[in-house]
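User: I am new to this structure and would like to learn how to read its features. Can we take them one at a time?

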Amino acid sequence: MFLVGLTGGIASGKSTVSSTLRDLGCPIIDADVVARQVVQPNSPAYRSIVLHFGPEILLPNGEIDRQKLAQIVFSNIEKRRILNSITHPEIHKAMLKRILFFFFRGYRYVVLDVPLLFETRRLTRFLNHTVVVYCDPATQLSRLMHRDSLNQEEAQQRIAAQMPLNEKRGLANHVIENSGSREDTHRQVLKLHTKLEDSMEFLVVRGLAIAIAVGLGGLLLYTMKLLIS
């Protein structure tokens, strides 16, 4: 099994591409979903966030008000850095558990859906392929304003908080152009999926894993013989 990183910008259409890949049978590990799971009440990340940002970011039921927290961190670089330093290690640990689960299920590849893939760079060295979902700046701004009911200034502020899509596009192995129709995007995703499915890279990774397992097994057996004799 090999790993594919999927990223994009806010409102670029990454979720649409991720959903299409899931419909095609690809296992998806969504960092946003994991991020919500690791900040559930009384978790280590939850307690650290409340400690740094105060109880005013909590909803009446005790859960974190994600919209209020987003307003704080999108307007303050230092607070955004603090939040990322709290959540990212927990997110990565949870994602690793899911990767191992899919590995033992025998999948050829797993997609890691990570919005800040290139911003943090913590996962890129483990990825065989990186995919960016791109749309032109005007389309991105319009979609974000409509989706989140933001005015132009608020939407521009959130877009500016991320690495520009043009820069991400230059770092990726594959680009899904999502400025046009849904049908055009679907065709691109299907073509990418076929290419990844036909790849033999998973055999190399699985062979290495087997070799390591056999090596460790042999070492354990040798150690047991030494102890017995």
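Analyst: We can start with a helix length check. At 1.5 Å a residue, the 28 residues of helix H5 (residues 77–104) should span 40 Å, and the end C-alpha atoms are 40 Å apart, which agrees. Keep in mind that this is a predicted model.

User: Where in H5 does a kink lie?

Analyst: The kink, of about 30°, is at Thr-87, shortly before the proline Pro-89. Thr-87 is among the buried residues of H5, which also include Ile-86 and His-88.

User: What is found at the start of H5, and what follows the helix?

Analyst: At the start, a side-chain oxygen of Asn-76 comes to within 3.1 Å of the backbone nitrogen of Glu-78. After H5 comes Gly-106, with a positive phi near 85°.

User: How many salt bridges does a search of the whole structure find?

Analyst: Side chains of opposite charge can pair when their charged atoms come close. The search finds six salt bridges. One of them joins Arg-81 and Glu-78, with the closest N and O atoms 2.6 Å apart. These two residues are three apart in helix H5, so about one helical turn separates Arg-81 from Glu-78.

User: Which parts of the chain does the pair Lys-14 and Asp-113 link?

Analyst: Lys-14 and Asp-113 form a salt bridge at 2.6 Å, N to O. The pair links distant parts of the chain: Lys-14 is in helix H1 (residues 14–23) and Asp-113 in strand E3 (residues 109–113), 99 residues apart. Both Lys-14 and Asp-113 are buried.

Definitions and conventions
Residues numbered from 1 in each chain as written. Predicted model: local features only at pLDDT ≥ 70, side-chain atom pairs only at ≥ 80, totals over all residues. Heavy atoms only, no water. Helix = DSSP H or I, 4+ residues; strand = E, 2+ residues; numbered from the N terminus. Expected span 1.5 Å × (residues − 1). Bend = angle between axes of the 7 residues up to and from the residue. Buried < 20%, exposed > 50% of the residue type's maximum accessible area, 1.4 Å probe, protein only. Polar contact = N/O pair within 3.5 Å; in protein donor to acceptor, adjacent residues only side chain to side chain. Salt bridge = Lys/Arg side-chain N within 4 Å of Asp/Glu carboxyl O.
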